[in-house]
Amino acid sequence: MQIPAAFEYERATSVEHALELLRSGGPDARLLAGGHSLLPMMKLRLAAPELLIDLDALSDELGYVREADGEVRIGALTRHREILESALIAARFGVFIDAEKLIADPVVRNRGTIGGALCQADPAEDISAACAVVGARLVIQGLDGQRTISMRELHSGPYETTIRDAEMLVEIRVPVQPGIGSAYEKVKRRVGDWAIAAVAAAVRLDGGTIASGAVALTAVGGDVTAQRASDALTGAPPSEETFAQAARLAAEDCAPQTDQRGSAEYKRHLANELTLRALRSATARALREES
Amino acid sequence: MQVTLTINGEERSAEVEPRTLLVHFIRDDLDLTGTHWGCDTSNCGACVVLVDGRPVKSCTMLAATAAGHELRTVEGMEQDGVLDPVQQGFIAQHGLQCGFCTPGMLLTARALLDENPNPTDAEIREAISGQICRCTGYTNIVKAIRWAADHAPQTATATPEA
């Protein structure tokens, strides 16, 4: 029987309350969002917080998808299922829909949240790469106010973020840009499994040129953002040659490890092939958006 | 700590440790053993119950988090001696073999049909994709859920035809 180590439990009634509890709990306090990453780690004793602050009561306050000031704003406690059901996201950001359909399984998606997934900082987690390619900004709330960071600034290592002790992620903001298309491609062993490798891509077309492009990788090591691949897209025509060049650079710049999911060589091959597929799909969506 | 919630229409309460998982609370404290405790790792889905109408793996939720919510377990499916059409479908289409995954499958199917009364086979398969049947009886489970979709609750009878 897998049972977490004992902990003190508090139920937050507001963001302010959660932040106060985080401050009083210090570094051994953890926030509980959907729980589908944290509770398994606690059951395996890979995590043993002394104070668990349950955010369940904030699900309504921090669970939303809305458009404001040229951005789509997603509350940190928005559940994966609610993102999948959002017409606003489906109309604008294919990459989120592709990725969300591949996260765990539908029952897990009923509880898991986007903010929880991002803050878990699992290297094989899907939503970080999706956020990266569409230029998402992350709103971090502290007791003294808010700060906003990019996806690249969030993770400081596997399962580590730059969010400080008495801070929490409250919102994800995605700029709305005309002519943008995005997609996510993932290979996994079976339903519900983590990625062997996955790739997010986005292109913004302007006339016959990629005005800006982005590639981000999941589960193959290194930085989530494939910078040289992204740079190779910007200003180039949306052609197979351009895609092949970006895919080659993405595969070169990742750092996969051989493990039970596959060899480093196989994962590097996947990074190349999935970049190609994601770029083709993103471009097709951008062209539909333009027409 | 005291946990109070509504389960199958009845308010229930028990004193538990904060680390108590919902599946153990339901089975050990509320004595509703229809909810099965399977893999312990959020994979198999035997422990699925409905929380506010949505399927949730109860081995991956704290009992404390469920406080104040409305739950439904397999014990709450039959109404006034009449089985839910999903239960009847599992009988009519031989949708179970060993039966261990069945309570979770029944509840996931009920939630699916409440939202989408006429799902495609692909939608049924997607809905139960987080649940493992070790007897590999998926074909008949899909048929059973299809049977339930074709037999709305008002036409339910206590003795389904085979």
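In what order do five strands of chain A form an open sheet? The order is β4-β5-β10-β6-β7, with antiparallel pairing. The legends below describe a predicted model, in which local features need pLDDT of at least 70, side-chain atom pairs count only at pLDDT 80 or more, and totals for chains, interfaces and linings use all residues. Residues are numbered from 1 along each chain as its sequence is written, chains are lettered from A and ligands numbered from 1 in the order in which they are written, and side-chain values use heavy atoms, with hydrogens and water left out.

View 1. Two strands count as paired if DSSP finds at least two bridges between them. Helices (H or I, at least four residues) and strands (E, at least two) are DSSP runs, numbered from the N terminus. Strands of a sheet pair through backbone hydrogen bonds, either parallel or antiparallel.

**View 2. Helix α1 of chain A against the sheet.** Helix α1 (residues 15-25) of chain A lies across β6 (137-142) and β10 (167-175) of that chain. The helix runs at about 135° to β10(A). Axes are lines fitted to C-alpha atoms, for helices over the stretch in contact, and angles run from 0 to 180 degrees between N-to-C directions. Contact means heavy atoms within 4.5 Å.

**View 3. Chain A as a whole.** Twelve helices and 13 strands make up the secondary structure elements counted in chain A. The C-alpha trace spans about 55 × 45 × 30 Å along the principal axes of chain A. A compact globule of 291 residues would have a radius of gyration near 19 Å, and the 19 Å of chain A agrees. This radius is taken over C-alpha atoms, and the globule rule is 2.2 Å times the number of residues to the power 0.38. Of the 291 residues in chain A, 56% are buried. Buried means under 20% relative accessible area, exposed over 50%, and partly exposed in between (1.4 Å probe, protein chains only).

**View 4. Strand β1 of chain B and its partners.** An antiparallel pairing of six bridges joins β1(B) to β2(B) (residues 10-15), with T4(B) opposite S13(B). These two strands form a hairpin with two residues between them, and N8(B) in the turn has a positive phi of about 55°. Strand β1(B) also runs parallel to β5(B) (residues 70-72), joined by two bridges; here I7(B) is opposite L71(B).

View 5. S58(B) lies in the loop between β4 (54-57) and α2 (63-66) of chain B. Is S58(B) buried or exposed? Its relative accessibility is 0%, so S58(B) counts as buried. Leaving out residues up to four places away in sequence, S58(B) touches L21(B), L22(B), V23(B), T35(B), C47(B) and V49(B).

**View 6. A salt bridge between the chains.** E85(A) and R54(B) form a salt bridge, with the closest N and O atoms 3.9 Å apart. The pair crosses between chains, from E85(A) in the loop between α3 (80-84) and α4 (87-92) of chain A to R54(B) in strand β4 of chain B. Both ends are partly exposed: the relative accessible area is 48% for E85(A) and 24% for R54(B). A salt bridge is a side-chain nitrogen of Lys or Arg within 4 Å of a carboxyl oxygen of Asp or Glu.

**View 7. Salt bridges within chains.** K186(A) forms a salt bridge with D126(A), with the closest N and O atoms 2.9 Å apart. This pair links distant parts of the chain, 60 residues apart: K186(A) is in strand β11 (residues 180-188), and D126(A) is in the loop between α7 (114-120) and α8 (127-133) of chain A. K186(A) and D126(A) are both buried. A network of salt bridges links R11(A), D54(A), D56(A), R79(A) and R111(A). In chain B, R19(B) pairs with E17(B) in a salt bridge, the closest N and O atoms being 3.0 Å apart; E17(B) is partly exposed, with a relative accessible area of 43%.
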